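Thanks for making the time this morning. I would like to walk you through one structure, with the sequence and the model on the screen while I talk.

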Amino acid sequence: METMELIHTSPTKIEQITDSGRFGEFLFFSDHVYVMTAGEFVTYSIELDDDQVIGAGRLFFHEDAAKLAPLVAELAARLDVSEDDAEALIAEKKSVFDLDIETEDAGEDAWDVQHFTARAAKILGFRAVRVQDEQGSAYMIDMLDRVAELREV
């Protein structure tokens, strides 16, 4: 088992992590400093065993993938897409921009899909999911009640 060191940047000092907000209890990390804010920021690192991480594209190949059916159904209903499309979105095989859906803001929907992807990993017993974004690989890590694990660097 290998350990990886991942980095998170925040516009403010993190005192508490809750399950509210766009990404719930999940924070985005990268293997390099990844700044998505203008101005000053605080950089944190965390160590994570690689067996606690699943790639988004592997979620539905997991032996317990059937546990994801309610989550798939929830996303399908939310976006008014088929369950096959919802599964493909969660697994990053499709993007909301690939589908013919009526939406007020596809960018917002894409962020919401990332939250579903992180929730899927958690359902399967993983602490984190590796996703792809404009910066390359990113890791959405469940940090609920784990703020003490963040080391300011």
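I will begin with a pair of helices and then turn to the charged side chains.

Please keep in mind throughout that this is a predicted model. Let me start with helix 1, which covers residues 69-79, and helix 2, which covers residues 83-90; the two pack at an angle of about 105 degrees, and their axes are 8 Å apart. Angles of 65 to 115 degrees count as roughly perpendicular, and helix 1 and helix 2 are therefore described that way relative to each other. On the helix 1 side the contact is made by Leu71, Val72, Ala73, Leu75, Ala76 and Leu79, while helix 2 contributes Glu83, Ala86, Glu87, Leu89 and Ile90. Sorted by class, this contact of helix 1 with helix 2 comes to 9 nonpolar residues and 2 charged ones, with no polar residues.

Now to the charged pairs. How many salt bridges does the structure hold? There are 14 salt bridges, and I will pick out a few. In one of them, glutamate 74 pairs with arginine 119, with 2.9 Å between the closest N and O atoms. Since glutamate 74 sits in helix 1 and arginine 119 in helix 3, residues 106-123, the pair ties together parts that lie 45 residues apart in sequence. Glutamate 74 is partly exposed, at a relative accessible area of 38%, and arginine 119 is also partly exposed, at 26%.

Another salt bridge joins the side chains of lysine 94 and aspartate 85, at 2.6 Å from N to O. Here lysine 94 is partly exposed, with a relative accessible area of 34%, whereas aspartate 85, at 19% relative accessibility, counts as buried, the cut-off for buried being under 20%.

Is glutamate 25 buried or exposed? Glutamate 25 lies in the loop between strand 1 (3-10) and strand 2 (26-29), and with 10% relative accessibility it counts as buried. Its side chain makes a polar contact of 2.7 Å with the side chain of lysine 122. Setting aside neighbours within four places in sequence, glutamate 25 has contacts that include Ile17, Thr18, Asp19, Ile141 and Asp142.

Aspartate 142 counts as buried at 7% relative accessibility, while arginine 146 is partly exposed at 28%. Through shared partners, salt bridges join Glu25, Lys122, Arg127, Asp142, Arg146 and Glu149 into one network.

Key
Residues numbered from 1 in each chain as written. Predicted model: local features only at pLDDT ≥ 70, side-chain atom pairs only at ≥ 80, totals over all residues. Heavy atoms only, no water. Axes fitted to C-alpha atoms, helices over the stretch in contact; angles between N-to-C directions. Helix = DSSP H or I, 4+ residues; strand = E, 2+ residues; numbered from the N terminus. Parallel < 35°, antiparallel > 145°, perpendicular 65-115°, else oblique. Contact = heavy atoms within 4.5 Å. Nonpolar A, V, L, I, M, F, W, Y, C, P; charged D, E, K, R; others polar. Buried < 20%, exposed > 50% of the residue type's maximum accessible area, 1.4 Å probe, protein only. Polar contact = N/O pair within 3.5 Å; in protein donor to acceptor, adjacent residues only side chain to side chain. Salt bridge = Lys/Arg side-chain N within 4 Å of Asp/Glu carboxyl O.
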